[in-house]
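Here is a short briefing on a protein model.

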Amino acid sequence: MQVAIDMGESRTTGAAHMDLEELLATRLLVQGNSGSGKSHLLRRLLEQSAPWVQQCVIDPEGDFVTLADKFGHLVVDATRTENELTRIAARVRQHRVSVVLNLEGLDVEQQMRAAAAFLGGMFDADRDYWYPVLVVVDEAQLFAPAAAGEVSDEARKLSLGAMTNLMCRGRKRGLAGVIATQRLAKLAKNVAAEASNFLMGRTFLDIDMARAADLLGMDRRQAEQFRDLARGHFVALGPAISRRPLPITIGPVETSARSTSPKLTPLPEAPADAADLIFTHDPEELARPVVRRPAPPPPPSTNELLAQVAEARARARAEAPDEPASLFPEIDEAERAAMIEAVMVELMSDPDAGFRTTAVLYQDFLVRCRIRRVPGDAPALPAFKRLLAVARVAPDETVSASEGWQQALSLSETLTDDVQGVFLVIAQAALIGAPCPSDATLARLYGTHSSSRARRLLTWFEERGLIVLRTDFRGQRIAAFPELSAETAPGDPNGPDALVDQRGAAE
C-alpha cells in the first residue's frame, strides 16, 4: 500500500509528497542550523503519518510531548533506570503504541544513556513484534557524535552503538530512522551514510555545506544556495521524495512546541522599587525544592579499591586472628629480590643478550619470572631497564656497597635507559682501577656492532661533563670521573670485546 505524506509545496511540482512506505525502507536525514525549521519539519512529518504508522520520538528538549494531546502519543519520562526504559521499549513494540521519550531535564550523558537503553529495547524486541515503527531522533549529533566530547567513553559507545543499530540494522526489524542534526560535521559518518533520503535546510559553515552538497550530488558552486534558504525551506532528495534535488516549503502543523522562538516584546515600565524586587528573597523560592536527577557516581579509583581490600583484610584478621590471610599472602621482599637477581644473572648469561633489544629481553625476563614463580607482580618496563643496566655491570659486593658506586648510580639516573649500562661499566672500571673498556666492549653494551657509535657515545658523555677522556703516550685511553674522583687505568680502545673473552674463559 502506497501512502503519500503531504510535506508542503514545491515551486516546480506543486504539492510535495513523501512516500511513507519507501521512507520506512530507506530512512531520512534532516540537516539545518538552529532556526532553520528542522523541528517544524519533523512535526509535520509526524502529524501527517500518525494515522498510518507507529511512531517513537527521541526528544531531548521535550518539544514533541504536545503530540499526546491531539494524536494520542504516550509520553515516557526518561527519569527512570536504564533497565526500566529497556523493558518499556519492549512493551511499546509489543502493543504498537506511539511514544515520545522525554529527555528534558537530564544532562547530556544521562540523555545518551537513556536513549541508548530505550533504542536497545526496541531493537532487541522479539521477532513477533517487528512491526513498522518510525523512529525520529532530534538533535542526533548528541547521540551519535563524530568525536569524543566531555561525556564518558562508555556513554558515548552505548549511544553511538544504539544509533548505528537503528540506522544500519534497524530496517529488517521494522525500525525506520529519521534523524535531524544541526551540524553534519558533528554527526558520525557511519550513521549519516545509511540514510537514502535527505532534507537539507539553511547552513552557513563551509564544512557542513560541503557535506550537504556531497550527499545531494551537487558541486561546490551550487552548495552556496544553502546559505540563502529561508526558515522552513529545504532541498529534498531521495527515493521517497524526489530523484533530483527539489526545493520545498514545509506546510503548517496542527500542534506547537512548548518552547518557541523568542519574539521581541516591549519592556515594562521600570518599577520604583526595582532593587527590592531583585535582591529580596521570595519565601516561595526558598520553600520550592529543586529537583534534579543525580549523576551516576564515578567508578572507584584503584587506590580506593586497594584501601577497601586492606580494610577487609584488617577486619578479617581482627575477627579471626589465628587464621592466616590466604587472599593476599605476605611476600618476603628479600627473597623476591634474590629471585629477580637470579633471573637477571641467568638472562645476561646468554652470549647474545647484549645484541637483543630491551623489549625482547623484557619479554624473556617475564617468562623466566613465571617459570621460577617469582612472587608478586613482575617489575614494570622502566624498573626492568634499571635492573638491566646494573646487571650488565655486575659489580661485586665491595664495589656495590661503596659510596662512589651509589654516586655513580645517581649520575646514571640523569641519562636515558639505553646508555645507563655503558656509563656504569666505565664508572665501575674507574672505581676499581681497571683498564678503560675497548670500543668493541662498549658497542656490545650499547647493543650495536659499530665501534664508531660507541666512540660517539663517549664523546656525548664528555660533552655532558660526566667524564673526561685523555690518551697516554702509548695511545691508551683513560676515562676520568670528576664527580667520583676516580679514573680508569689505560686501556686499548681497539682491543677485543672483553665480555666475549670473559664468557669464553668461563665456558
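The accessible surface of the protein is about 28000 Å². Carbon and sulfur atoms account for 52% of that surface. The model is predicted.

**Overall make-up**
- The protein contains 22 helices and 14 strands.
- Of its 507 residues, 43% are buried.
- Take the contacts between residues at least 6 apart in sequence: 69% of them link residues at least 24 apart.

**Nonpolar cores**
- The largest nonpolar core holds 53 residues.
- Inside this core, I58, F118, M163 and F226 have the most contacts.
- Helix α5, residues 108–123, contributes the most to the core, supplying nine residues.
- Another core lies apart from the largest one and has 33 residues.
- Members of this other core include V3, L20, V30 and A180.

**Contacts of F118**
- Leaving aside residues up to four places away in sequence, F118 touches C56, I58, V76, L85, I88, A89, V92, V99 and L101.
- One of these partners, I58, is also listed with F118 among the residues with the most contacts inside the largest core.

**Helix α2**
- Helix α2 runs over residues 38–49, which is twelve residues.
- At 1.5 Å a residue, α2 should span 16 Å.
- α2 is mostly covered, with nine of its twelve residues buried.
- The buried residues of α2 are K38, L41, L42, R43, R44, L45, L46, E47 and S49.

Notes: Residues are numbered from 1 along each chain as its sequence is written. This is a predicted model: local features need pLDDT of at least 70, side-chain atom pairs count only at pLDDT 80 or more; totals for chains, interfaces and linings use all residues. Side-chain values use heavy atoms; hydrogens and water are left out. A nonpolar core is a set of buried Ala, Val, Leu, Ile, Met, Phe, Trp, Tyr and Cys residues joined through side-chain atoms within 4.5 Å. Buried means under 20% relative accessible area, exposed over 50%, partly exposed in between (1.4 Å probe, protein chains only). Helices (H or I, at least four residues) and strands (E, at least two) are DSSP runs, numbered from the N terminus. Contact means heavy atoms within 4.5 Å. The expected span of a helix is 1.5 Å times one less than its number of residues. Accessible areas come from the Shrake-Rupley method with a 1.4 Å probe; for residues, only the protein chains shown count as cover.
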